[in-house]
Amino acid sequence: MQCVKEIDFFRNIREIREYEFGVFYFFDGLVISEIKKDVVFNWAMAQKAIDAAYEIIGKDKPIAYISNRINNYSVVPTDWIKFYTNRNQLEFYSVVAYNKGGLASLILERMFFRNSIRQFSDLDSAIKWSLTKISEMENKKEVLK
């Protein structure tokens, strides 16, 4: 298991936001969460992180989100509907799962998340994939200008 603070990429941190339900790490175009053990992650919690992401990264830039599941917790999968109802946009979503518990909630989330959810077994691979996807998206926008 890798915590965000333990990897080399951490030196690129822009800001950290700690909430009663978990910690969110903000980088350029990238948000990584580490939700606390036994939390039932719901829309109200997600809204706090979304607001912080828009404040720190901006609404006009592509954002990749990595759920670094170092703890066992649950997600309310139907709350993805609220995410879309509020016109939020998430270009890339990946999950780093280290055990079967992390994978179980992912199966339910896939039923409600409109885009694909990429699964990884290590944090470095998820970061590399996310940064590549953000870079590709930004390059496409530049070409269209």
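Good morning. I begin with V39, which counts as buried because its relative accessibility is 13%; buried here means under 20% relative accessible area, exposed means over 50%, and partly exposed lies in between, with a 1.4 Å probe and protein chains only. The model is a predicted one, in which local features need pLDDT of at least 70 and side-chain atom pairs count only at pLDDT 80 or more, while totals for chains, interfaces and linings use all residues. Residues are numbered from 1 along each chain as its sequence is written, and side-chain values use heavy atoms, with hydrogens and water left out.

V39 sits in the loop between β3 and β4 (40–41). Strands (E, at least two residues) and helices (H or I, at least four) are DSSP runs, numbered from the N terminus. Which residues does V39 touch, leaving aside those up to four places away in sequence? They are F21, M45, Y73 and S74, where contact means heavy atoms within 4.5 Å. V75 is 36 residues from V39 in sequence, and their C-alpha atoms are 8.2 Å apart.

I turn now to strand β5, residues 64–69, where 6 of 6 residues are buried. In a regular strand the side chains alternate between the two faces of the sheet. In β5, A64, I66 and N68 point one way, whereas Y65, S67 and R69 point the other way. Two strands pair if DSSP finds at least two bridges between them. Strand β3 (residues 30–35) runs parallel to β5 and is joined to it by 4 bridges; β7 (residues 92–97) is also parallel to β5, with 6 bridges.

Next, the salt bridges. The structure holds 5 of them, each being a side-chain nitrogen of Lys or Arg within 4 Å of a carboxyl oxygen of Asp or Glu. One of them joins E55 to R17, with the closest N and O atoms 2.7 Å apart. Because E55 belongs to helix α1 (residues 43–56) and R17 to strand β1 (residues 15–19), this pair ties together parts 38 residues apart in sequence. E55 is exposed, at 56% relative accessible area.

Another joins E20 to K48 at 3.2 Å between the closest N and O atoms. E20 lies in the loop between β1 and β2 (22–27) and K48 in helix α1, 28 residues apart. E20 is exposed at 54%, whereas K48 is partly exposed at 37%.

Finally, K133 and E136 form a salt bridge at 3.7 Å. Both lie in helix α4 (residues 123–144), about one turn apart. Thank you.
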